[in-house]
Amino acid sequence: MGSLGRPERRVRSDGARSRMAILDAAVALTTVVGLEGLSIGRLADRAGISKSGLYAHFGSKEELQLATIDNASEAFLRDIVRPALARPEPLMRLNTLCHNFLSRLEDDVLPGGCFFVSVNAEFDTRPGAVRDRLRDLHSTWLRTLETEYAAAQKAGLLSADPPPEHAAFELNAYLHMANNMYVLYRDAAFIELARRSIANRLGPPPRSHP
């Protein structure tokens, strides 16, 4: 009985790997063509598989869009959020959140910059499940910045002014503007400008980052 179970597990594992490879390609492609431009045919060409193979993983365009958002969210948590929240104190965590965002942008991890900066602008006026998912994720990101800023204030590491929600808005604006300008001009000077602006708000970043 045990030997009969192994092929099924292998098939499921191969299917999961194939789905992840498709979604990784979808995230990268979306930063260039947008979620609306993410067609089955275009993604099949990018991922190097047949259209029928793609349809086996995703039943509709919206299902593909939502799965792509979730995949991008997991990468954002893995590369930006979780390493920062593992730092020992709130100001260090806040600085590292910003540092990780800008470093990922500077490293050209995705061809069109931050996935969420791109698709939020695309779907902010389109009601539906996709916008709802994007709005929830963006709200969570802002709350993370706000929570760490408030904790740093409580610890006496930052002044009591401005309120945490104002500071989170400001920090996020620096990050988004750095993304937009870097993608448009491909000039890292805009990323450095964001770093200096953030340092003016938070003080110098920690000497080392994970």
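Start by selecting helix α5 (residues 90-106) and helix α9 (residues 189-202): their axes come within 11 Å and cross at roughly 175°. Helices here are DSSP runs of H or I with at least four residues, numbered from the N terminus. Axes are lines fitted to C-alpha atoms over the stretch in contact, with angles from 0 to 180 degrees between N-to-C directions. The two helices, α5 and α9, are therefore roughly antiparallel, a label given to angles over 145 degrees.

Now show the side chains where they meet. On α5 the contact includes L91, L94, N95 and C98, and on α9 it includes I191, A194, I198 and L202. Contact means heavy atoms within 4.5 Å.

A word on what you are viewing: this is a predicted model, in which local features need pLDDT of at least 70 and side-chain atom pairs count only at pLDDT 80 or more, while totals for chains, interfaces and linings use all residues. Residues are numbered from 1 along each chain as its sequence is written, and side-chain values use heavy atoms, leaving out hydrogens and water.

**Next stop: charged pairs**

Which residue does R104 meet in a salt bridge? Select D79: the two side chains meet at 3.1 Å, N to O. A salt bridge is a side-chain nitrogen of Lys or Arg within 4 Å of a carboxyl oxygen of Asp or Glu, and by this rule the count comes to 11. D79 sits in helix α4 (residues 61-85) and R104 in helix α5, so this pair ties together parts that are 25 residues apart in sequence. R104 is buried at 17% relative accessible area, whereas D79 is partly exposed at 30%. Buried means under 20% relative accessible area, exposed over 50%, and partly exposed in between, using a 1.4 Å probe and protein chains only.

Move on to R201 and E170, whose salt bridge spans 2.9 Å, N to O. R201 lies in helix α9 and E170 in helix α8 (residues 164-185), so they tie together parts that are 31 residues apart in sequence. E170 is partly exposed, at 21%.

**Last stop: E122**

Select E122 in helix α6 (residues 115-123). E122 is buried yet has no salt bridge, and the nearest side chain of opposite charge, R126, is 4.4 Å away. Lys and Arg count as positive and Asp and Glu as negative, with His and the chain ends not counted. What does the side chain of E122 reach? Look for the backbone nitrogen of L35, at 2.8 Å.

How values were computed: Polar contact = N/O pair within 3.5 Å; in protein donor to acceptor, adjacent residues only side chain to side chain. Parallel < 35°, antiparallel > 145°, perpendicular 65-115°, else oblique.
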